[in-house]
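User: I would like a close look at the aromatic residues in this structure and at the packing around them. Please take me through it in one connected answer.

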Amino acid sequence: MSHQRKHNTGYILRICGIAALGGILFGYDTAVISGAIEALKAYFDLSPAETGWAVSNVVIGCVVGAFGAGPLAGRYGRKKALVVAALLFTISAVGAALATTFTSFVIYRIIGGLAVGLAATVSPMYMSEVSPKDMRGRALSMQQFAIVFGQIVIFYVNFKIASYASEAWLVEMGWRWMIGSEVIPCLLFTALVFIIPESPRWSVMVGRDDQALAMLTRVSNAEHAKSVLNEIKDSVRQDERHRKQKLNYGDVRVRFILFVGCMIAMLQQVTGVNVMMYYAPVVLKTVTENAQEALFQTIWIGVLQLVGSVIGAMLMDRIGRIPLMRWGTLGTIVGLLITSYALYIQATGYFALFGMLFFMVFYAMSWGVGTWVLVSEIFPNRMRSQGMSIAVGCMWLANFVVAQSFPMINDQPYLFSTFHGAFPMWVFAACCLFSYWFIARFIPETKGVSLERMEDVVMAKRYRQPLSEIVTVEDGKA
């Protein structure tokens, strides 16, 4: 019986923690540019458009890596895909740190983007497939926790490097040390990823039932492992019976689930979080008048995001996904309005920082944690690798648009002289308002729903059928 099983929580969290190292590198790699961008502008003599390209070029690799992650993880397994990501992270960190031309810098950053796209797709995919349904939210929250931890580490590293160096040294060498420091977590990830087991769901899909059973037994107990294995095999057989192993875009179910998954991923990127992460020192410098102080304040943005991630992880499996997403979205709107007001009136001190911190707590507990949980669990087995690949690819496309356009909008002479940097924040607040409506209309509550039963629950939301009825009917069949 389900109430008699006892999960090996420590083992689950350990293997998910190793997979989440990909998230640490994700956060490290994408946030390192925030401390290096001013030095890069001076070293390579970049225009505003080139500055946006210096930040956003990594997203090109992210898009390619995300779209390629599905076929790679589907054919060779989740574990091998993570190994490839670890190697690409290392190549990128070394190459970008030693770059002598802007072109070579961009090439190595794009390679890093390939790694980020892979890790951003495969790490949560792996965690969703090895975690029991009643602790899936907690396990998947580790992805966001890891991303934020990686960001905090590099924010601190950037600050310490900047605090002990002259402006000239930062322009010549400092940014290289910032980017090169990523080699340390890269090597750790590369070493540890070899010891985790393969996903049991992928093992079943390729006919390795014994391997899947051994892993599931270690997660819980022999009786429950056999029950879960049979459920996975039934799901796979049903997919094969209906010839649905490959996505049929003519299928209304496939189209709707992809629509929901892709929209969740893209809406996360238009909340304004990219500006807080990539351009925080640039935004704060306008109110601190001090680059070093702006870098120090950026650390607190990362810390408060970590606090929000912990809150989200604690509440995700307790109160459910949807209430957390709704309240968090309202909080992000308030945070953006506070920040925009501080910028608009050109307030000095910590007013703008307070708004950014307020935004970060609510973003992290909702969109930060919730996006990875929902995108990882909303796709049924037959389309998870391909669906997540497409959704995360769309996420990075939205990321690219925001990262590339922000400096051009923010530095536009009329907008900046009139609104003092507040205009982009208003745009993001409007996007958050739309996101709140989308949550209410299209995203189902997935708390406590097994991956094998997810498809019907998602479709129930499309037809506005009560979730409780769907789950009750399915539980009666189980």
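Analyst: There are 24 aromatic pairs in this structure, which is a predicted model. One of them joins Trp437 and Phe442: their ring centres are 5.8 Å apart and their planes stand at 85 degrees. Planes over 60 degrees apart count as edge-to-face, so the pair of Trp437 and Phe442 is edge-to-face. The two partners can also be described by their accessibility. Phe442 has a relative accessibility of 15% and is therefore buried, since the cut-off for buried is under 20%. Trp437, at 45%, is partly exposed. Both residues belong to one aromatic cluster, together with Phe256, Phe259, Phe434 and Phe438.

Next comes the nonpolar core. The largest nonpolar core has 109 residues, and those touching the most other members are Ile264, Leu336, Phe379, Trp396 and Ile443. Helix H17, residues 351-377, supplies the largest share of this core, with 13 residues.

In H7, Trp175, Arg176, Ile179 and Gly180 meet Ala93, Ala96 and Ala97 of H4. By class, this contact of H4 with H7 consists of five nonpolar residues, one polar and one charged. Helix H4 covers residues 78-97 and helix H7 covers residues 167-180; their axes are 8 Å apart and the packing angle is about 175 degrees. Angles over 145 degrees count as roughly antiparallel, so H4 and H7 are roughly antiparallel to each other.

Helix H18 spans residues 384-410 and helix H20 spans residues 423-442; their axes come within 9 Å and cross at roughly 140 degrees. H18 is therefore oblique to H20. From H18, the residues Val402, Phe406, Ile409 and Asn410 meet Phe423, Pro424 and Phe428 of H20. The contact of H18 with H20 has six nonpolar residues, one polar and no charged.

Definitions and conventions:
Residues numbered from 1 in each chain as written. Predicted model: local features only at pLDDT ≥ 70, side-chain atom pairs only at ≥ 80, totals over all residues. Heavy atoms only, no water. Axes fitted to C-alpha atoms, helices over the stretch in contact; angles between N-to-C directions. Helix = DSSP H or I, 4+ residues; strand = E, 2+ residues; numbered from the N terminus. Parallel < 35°, antiparallel > 145°, perpendicular 65-115°, else oblique. Contact = heavy atoms within 4.5 Å. Nonpolar A, V, L, I, M, F, W, Y, C, P; charged D, E, K, R; others polar. Core = buried A, V, L, I, M, F, W, Y, C linked by side-chain atoms within 4.5 Å. Buried < 20%, exposed > 50% of the residue type's maximum accessible area, 1.4 Å probe, protein only. Phe/Tyr/Trp six-rings, centres within 6.5 Å; stacked < 30°, edge-to-face > 60°.
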